[in-house]
Amino acid sequence: MTTLRIFSNQSASQSNLRVGARLDKYRIQKRLGEGGFATVYAAFDTIEGRHVAIKIPDDRYVSNSQSLDDLQREVRIMARLDHPGVLQLKNAQFAGDRFLMVFPLGEESLADRMCRRMSRALIVDYLIQMVDAVAFAHENRVLHRDIKPENFILFPDQEIRLTDFGLARIESGMHDVSASGTLGYMSPEQAMGHPSFRSDVFSLGLVLYRMLSGELPEYPFEAPLPGYNRLRRGVSSDLIAIIRKAIDPSPRKRFRDAVAMNNALAKIRYPLSDRSVAQRVGAGRGTRRSTRQAA
Ligand SMILES: Nc1ncnc2c1ncn2[C@@H]1O[C@H](COP(=O)(O)OP(=O)(O)O)[C@@H](O)[C@H]1O
Ligand SMILES: [Mg+2]
């Protein structure tokens, strides 16, 4: 039934807005990107005088009550997750028949950034923030279920923030029957319809693996994993052990959640093998990065 509706609305669904279009107090400036359900625009808040990112779900999702419930869930989850590593929801509202979710405007997604070279120090700086952000969500009983580079947004001063809680759920102990998420970073058990904190850990581990190795291992994740030698270059064996544990094909052998992964990470004094770079982990949660490398 839902499927039919989605297909029948397909042609009318695109909420393509022209540059200069006005939505309430926001003026659209350009299209930034789109995922499966929404289009994201850069816009100008004409009252606050600031640039923002506006996420507008496709019409077809605002036109039925099931997906309105999903939208409301996404908004409410993001509104209550207050952490420097989670993209802050500034505002959510209807403007006419469009639904807007307004966020601070970032520079690009991690997926975009990964197309260009990143130093080990930069990757480790991001990595620490990413694990901390997912740990915060898990601490608040929120499963993200769609952790991938497209859903991390970069900001100035080497800050990175997790967004897109569109598939997120409050963990209730119940298993979901339908598989959702993105195949590339999805754990085997989530693909079978069993998402959990451990499957978020897996996806996070795969993103980190890819940042360090340049390769994305695929099911059934057999050793030797592609790019494994490159993965190890310049980072400590303790850090590699954490990433390997996070992507173990067997959920029971992984960290039980990102909080446990974050705790293990905090114990590593020197994540980089070059100790002349004074990058240390172990800053308290939410405190603004004492982890940044000197210079
Ligand atoms: N705050 C932001 N600043 C800059 N770009 C963003 C921002 N939010 C999203 N984007 C871009 O838009 C894309 C889709 O956003 P996302 O929130 O993931 O929506 P979807 O549910 O459609 O995947 C992201 O992958 C990113 O490229
Ligand atoms: Mg997305």
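**Notes on the model**

1. The shell around ligand 1 consists of 9 nonpolar, 8 polar and 4 charged residues; here Ala, Val, Leu, Ile, Met, Phe, Trp, Tyr, Cys and Pro count as nonpolar, Asp, Glu, Lys and Arg as charged, and the others, Gly among them, as polar. The model is predicted: local features need pLDDT of at least 70 and side-chain atom pairs pLDDT 80 or more, while totals for chains, interfaces and linings use all residues. Residues are numbered from 1 along each chain as its sequence is written, with chains lettered from A and ligands numbered from 1 in the order in which they are written.

2. Around ligand 1 there are 21 residues, of which G33, G35, A53, G106 and D164 come nearest (a residue is near if its C-beta atom, placed from the backbone, lies within 6 Å). Two or more residues of the shell come from each of β2 (26–34), β3 (38–45) and β4 (50–57), and β2 gives the most, with 3. Strands are DSSP runs of E with at least two residues, and helices runs of H or I with at least four, numbered from the N terminus.

3. Helix α5 (residues 120–139) has 20 residues and reaches 28 Å from its first C-alpha to its last. Just after α5, R141 has a positive phi of about 65°.

4. Strands β9 (residues 152–155) and β10 (residues 159–162) run antiparallel, joined by 4 bridges; pairing requires at least two DSSP bridges. L154 stands opposite I160. The hairpin has 3 residues between its strands, and D157 in the turn takes a positive phi of about 65°.

Methods. Expected span 1.5 Å × (residues − 1).
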